[in-house]
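Here is a short briefing on one protein model. Keep the sequence and the 3D view open as you read.

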Amino acid sequence: MLKWQIRIAANSLKACVPFQAKLRRLKHSIKPPVPGRHHELVLDGIFEQVSMIRQAGGRIEGARVLEIGSGWIPVAPLIYRIAGAREVVLSDQHRLLHPRSVQAAVAFLRKRTSRLARELDVDEARVSEVLDVPMSGRLSSMLEALGLRYVVPLNGETLKGEIDIAYTHTVLEHIPPEALTEVFALVRTRLGKGGVFCNGIDNSDHRRSYDEGLSTVDFLSYSDFAWDMQCINPQDYTNRLRHSDYICLLTETGFKLLNTQVHIAKDAMAKIEPQKLPQRFRNKTAEDLCTTWSLILARA
Ligand SMILES: C[S@@+](CC[C@H](N)C(=O)[O-])C[C@H]1O[C@@H](n2cnc3c(N)ncnc32)[C@H](O)[C@@H]1O
């Protein structure tokens, strides 16, 4: 069996264990997740978002910002706070934040104070103003001190008030297309005049994180049924939408495109044969199929 097959089989078995969310909370209360290599990429990804928003004339200073799909370690929302956001509303499908994971994010960013100040064009005092706050007690008081709020699950009832900026980082590819349309519609109705929506999307085959032998777009070769069979555990789910699909969904929801940046996997592009792929991918260009990273900025 190949490495990825073993991992998918193990994850599928795990998905059959009842009370997954409770078990995960218990595991994290004993050993909370800590920032790792992924969070170095989060740093770079959010610096790019901040820069793209500013270049388009968006103001982060004083903005109320919504993050969709915050995960375990709130590195990204704290970067938006340091860049000037008045408040960042974190949201997710499940409650994943833990007081120790919040403390770990703060410690991770404190160690990078001079880089944060340089990349975000703020002085180091601003970094301290956001991060040097009381960090003990309950999760809710820690988040309040950091200028953060937590909304789970995200929907029209739980999300209160207007927002100026919404963003995601490595989240949209995990949301089924039908749910994505609802999320985009909610964001659009809550963004005030001039509000912007910035998305960093990892369009690559995520199984590569545990099997580097796979091509970055190997997953495109499966039928929808065969792919669904590999996503029995919701943690393994990726929608396989391509860059052009996100552009279509955003414009169909009424967003106006302001800017995009993409990474194209040139090695995969040289080998891909679109006509040999399942029907849903055959009318796409090789460039679109092999776009493995999308940064998309749109205005409501
Ligand atoms: C790969 S993690 C990314 C976490 C974080 N944004 C980062 O870059 O480190 C994907 C996150 O998206 C969340 N997510 C998946 N589907 C979602 C949905 N429909 N609504 C909100 N969050 C969702 C997951 O719970 C998870 O926290």
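**Briefing: a loop, a core and a ligand shell**

T170 sits in the loop between β4 and α9 (177-190). Helices (H or I, at least four residues) and strands (E, at least two) are DSSP runs, numbered from the N terminus. This is a predicted model: local features need pLDDT of at least 70, side-chain atom pairs count only at pLDDT 80 or more, and totals for chains, interfaces and linings use all residues. Residue numbers start from 1 along each chain as its sequence is written.

- Most residues other than glycine have a negative phi, and most peptide bonds are trans.
- T170 has a phi near 50°, a positive value in a residue other than glycine.
- T170 counts as partly exposed because it has 19 C-beta neighbours inside 10 Å. A residue is buried if 20 or more other C-beta atoms lie within 10 Å of its own, exposed if 12 or fewer, and partly exposed in between; C-beta atoms are placed from the backbone.
- R240 also has a positive phi, near 60°. R240 lies in the loop between α10 (224-229) and α11 (243-252).
- R240 has 20 C-beta neighbours inside 10 Å, so R240 counts as buried.
- V152 and P153 are joined by a cis peptide bond, with omega about -10°. P153 is in the loop between β3 (148-151) and β4 (163-169).

**Overall build**

- The protein chain has 14 helices and seven strands.
- A compact globule of 300 residues would have a radius of gyration near 19 Å, and the protein chain agrees because it has 19 Å. The radius is taken over C-alpha atoms, and the globule rule is 2.2 Å times the number of residues to the power 0.38.
- The C-alpha atoms fill a box of roughly 55 × 45 × 40 Å, taken along the principal axes.
- Of the 300 residues, 33% count as buried.
- Take the contacts between residues at least 6 apart in sequence: 74% of them join residues at least 24 apart. Two residues are in contact if their C-beta atoms, placed from the backbone, lie within 7 Å.

**Nonpolar cores**

- In soluble globular proteins, nonpolar side chains tend to be buried together.
- The largest nonpolar core has 60 residues. A nonpolar core is a set of buried Ala, Val, Leu, Ile, Met, Phe, Trp, Tyr and Cys residues joined through C-beta atoms within 7 Å.
- V65, I165, A166 and F197 have the most contacts inside the largest core. Helix α4 (residues 75-82) gives the most to this core, with six residues.
- Which residues does F197 touch, not counting residues up to four places away in sequence? They are A166, V187, L191, F255, A298 and A300.
- A second, separate core has eight residues, including V217, L220, A268 and C290.

- Helix α4 is largely enclosed by the rest of the structure, because eight of its eight residues are buried.
- The buried residues of α4 are V75, A76, P77, L78, I79, Y80, R81 and I82.
- Just after α4, G84 takes a positive phi of about 125°.
- Strand β1 (residues 64-68) has four of its five residues buried, so β1 is largely enclosed by the rest of the structure.
- β1 pairs with strand β2 (residues 87-91) in the parallel sense, over five bridges. Two strands pair if DSSP finds at least two bridges between them.
- In this pairing, R64 stands opposite E87 in β2.

**Ligand shell**

- The ligand is surrounded by 18 residues. A residue is near a molecule if its C-beta atom, placed from the backbone, lies within 6 Å of it.
- The closest are G69, G71, Q93, H169 and V171.
- The shell divides into eight nonpolar, nine polar and one charged. Ala, Val, Leu, Ile, Met, Phe, Trp, Tyr, Cys and Pro count as nonpolar, Asp, Glu, Lys and Arg as charged, and the others, Gly among them, as polar.

**Exposed and partly exposed sites**

- S140 belongs to helix α8 (residues 139-145). S140 counts as exposed because it has 12 C-beta neighbours inside 10 Å.
- The C-alpha atoms of S140 and R242 are separated by 37 Å, and these residues are 102 apart along the chain.
- G161 lies in the loop between β3 and β4. G161 has 10 C-beta neighbours inside 10 Å, so G161 counts as exposed.
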